[in-house]
Amino acid sequence: MTAGERGVLLLCCALGQPEARPLTAAQFRDLGRRVLAAGRPAGDGPVRASDLEALGVGRVLACRAAALLDREAVLERYLDAAAALGIFPLTRVSPGYPRQLTEKGGALRPPVLFCAGDRRVLEGPFLGLAGARDASPAALDFAARTGALAARQGLTLVTGGARGADRAAVEACQAAGGRTLTFVPDDLIRRAAGAGPGRLVCSEGGYELAFTAQRALARNTLIHRMGERTVAIQPGFRRGGTWSGAAENLRRSWSRLYVYDDGSAAAALLVRMGASALPTPEALFDPLPVRQRG
């Protein structure tokens, strides 16, 4: 692991220390810009707060960053425990970090992903899918057909791995011999055992972190950024993670968005906002764009 990768891990991950306050992606971006503009601190020893202050970093951030960097022993223990579980980190400066997140997230892309499974899954190409947990039988069938189709088309299916539509799609894709990439907003440890050939599970920021609503929302954006196409299945009407991820995708143009055309008000509104209505999974690959309703 390079010094740059270790630096990202130290600055941006709690490393199992609940009291640690790692830098946000925005703080890490700003710190990096200042350091690059002024030159790296001199010397081979630990970086001190005064070193960073001399480069124009504010005192509060300098002290915080220096304290985070002074955790080499903690980092070693954290990575050793991860390796024993079959978990490995990918930092934003690591070879193999997803190109899609770099291109669509820029300086605010996730600093670190912890992953378990087959890293070759990250070669793509990708089809994103985000769906309702309490999906109807028709929506579950649509999700399963989409997952199986992704496998037949040679696409890696990207989901959040939640119960309902996500899980139906993942199970169908895997049953058809396809590849799956799952971004989870909670503890990666319990999911690592389910990873294997053709399967990769990733969690942002740490492998032991518990579920939070903020992590769930962040996970949804990763699905839309990774996909070249993304399918939304049975979103709530202006509520819930499936809706918020789809709406943000339309605002930021991360990937072409399709919505399962189930006749709902939510699907109709997303179409009016710019999504393509999807009557069948196979229509994803029609030679002409799906006709938009309304």
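S253 counts as exposed, because its relative accessibility is 59%. This is a predicted model, so please keep that in mind throughout. S253 is found in the loop between helix 11 and strand 8, residues 256-260. Its phi is near 55 degrees, a positive value in a residue other than glycine. For background, most residues other than glycine have a negative phi.

Q234 is not a glycine either, and its phi is positive, about 55 degrees. Where does Q234 lie? It lies in the loop between strand 7, residues 229-233, and helix 11. Q234 is partly exposed, because its relative accessible area is 22%.

Now the backbone at a proline. G124 and P125 are joined by a cis peptide bond, with omega about 0 degrees. In general, most peptide bonds are trans. P125 has its place in the loop between strand 2, residues 112-117, and strand 3, residues 126-131.

Two packed helices are described by the angle between their axes and the distance between the axes. Helix 11 covers residues 240-252 and helix 12 covers residues 265-273. They pack at an angle of about 10 degrees, and their axes are 10 Å apart. Angles under 35 degrees count as roughly parallel, so helix 11 and helix 12 are roughly parallel to each other. The crossing of helix 11 past helix 12 is right-handed.

Which residues in helix 11 meet helix 12? They are W243, A246, A247 and L250, and on the side of helix 12 the partners are A266, L269, L270 and M273.

C63 counts as partly exposed, because its relative accessibility is 32%. C202 is in no disulfide either, and the nearest cysteine sulfur, that of C115, is 3.1 Å away. Is C202 buried or exposed? It counts as buried, because its relative accessibility is 1%.

Key
Residues are numbered from 1 along each chain as its sequence is written. This is a predicted model: local features need pLDDT of at least 70, side-chain atom pairs count only at pLDDT 80 or more; totals for chains, interfaces and linings use all residues. Side-chain values use heavy atoms; hydrogens and water are left out. Axes are lines fitted to C-alpha atoms, for helices over the stretch in contact, and angles run from 0 to 180 degrees between N-to-C directions. Helices (H or I, at least four residues) and strands (E, at least two) are DSSP runs, numbered from the N terminus. Angles under 35 degrees count as roughly parallel, over 145 as roughly antiparallel, 65 to 115 as roughly perpendicular and the rest as oblique. A crossing is left-handed if the near helix is turned anticlockwise from the far one by less than a right angle, and right-handed if clockwise. Contact means heavy atoms within 4.5 Å. Buried means under 20% relative accessible area, exposed over 50%, partly exposed in between (1.4 Å probe, protein chains only). A disulfide is a pair of cysteine sulfur atoms within 2.5 Å.
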